[in-house]
Amino acid sequence: MTEQHEEHERQQHRFERGTDGPKVIVAGVDGSESSMRAAAYAAGLARRQGALLALVYVQPVMTAGAALGAPVADTTDEIAEDLVQQIRESAERLKGIFAVRWEFHTFRGDPYNGLVKAADELKADAVVVGASEQAGHRIIGSVAIRLVKAGRWPVTVVP
């Protein structure tokens, strides 16, 4: 084989994400209004592209509250169950009008690292998150800003 032919063979078998539009769109949800708007926006993208919508809730790790006896794990499990219920109800209302393939995933950790892990494991082509509603994030940076700066996926921030 010639060197050019070998190079062509290598390029032909290389995996490349997003060549025909996104196949997996990750949307971070935490129950906030902005995250639910992000999920709705991501659902529209997924529907139009025929992509899988992976809704991701990152459960916070045990914090100081847990050391004081607060049932943090139980609370975050309840939030995850509530989010799944809200999503299922929304999907049921849209049944027959819009068809979107979706999955719900939970990861543990801080929101940024949890979304990075989710996007990597799910082989995301795009990530959609809601704009931060916390004033302190203007100083230390929001999850959205950190995801954009990581530069690993196209990131859409929904207000």
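Predicted model: local features only at pLDDT ≥ 70, side-chain atom pairs only at ≥ 80, totals over all residues.
**View 1. How much of the chain is tucked away.** A residue is called buried here if its relative accessible area is under 20%, exposed if over 50%, and partly exposed in between, using a 1.4 Å probe and protein chains only. Residues are numbered from 1 along each chain as its sequence is written, and side-chain values use heavy atoms, with hydrogens and water left out.

**View 2. The run of helices and strands.** Helices (H or I, at least four residues) and strands (E, at least two) are DSSP runs, numbered from the N terminus. The chain has 7 helices and 5 strands, and they follow the order α-β-α-β-α-α-β-α-β-α-α-β. Contact means heavy atoms within 4.5 Å. Of the contacts between residues at least 6 apart in sequence, 77% link residues at least 24 apart.

View 3. Two strands pair if DSSP finds at least two bridges between them. The 5 strands line up as β3-β2-β1-β4-β5, with parallel pairing. β3 (101-108) and β5 (155-158) sit at the edges with a single partner strand each, so one side of each has no neighbour in the sheet. From one strand to the next, the twist averages 25°. Zoom in on β1 (residues 24-28) and you find it paired with β4 over 3 bridges, in the parallel sense; Ile25 stands opposite Ala126 in β4.

**View 4. Helices across the sheet.** Axes are lines fitted to C-alpha atoms, for helices over the stretch in contact, and angles run from 0 to 180 degrees between N-to-C directions. Helix α2 (residues 33-49) lies across β1, β2 (52-59), β4 and β5, at about 150° to β4. α5 lies across β1, β2, β3 and β4, at about 150° to β2.

**View 5. Where α5 meets α7.** α5 and helix α7 (residues 143-150) pack at about 45°, with axes 9 Å apart. That makes α5 oblique to α7, oblique being whatever is left once angles under 35 degrees count as roughly parallel, over 145 as roughly antiparallel and 65 to 115 as roughly perpendicular. Pro111, Tyr112, Leu115 and Val116 of α5 make the contact with Val143, Arg146, Leu147 and Ala150 of α7.

**View 6. Lys123 and its phi.** Lys123 is in the loop between α5 (111-121) and β4 (126-130). Its phi is positive, about 55°, although Lys123 is not a glycine. Most residues other than glycine have a negative phi. Lys123 is partly exposed, with a relative accessible area of 48%.
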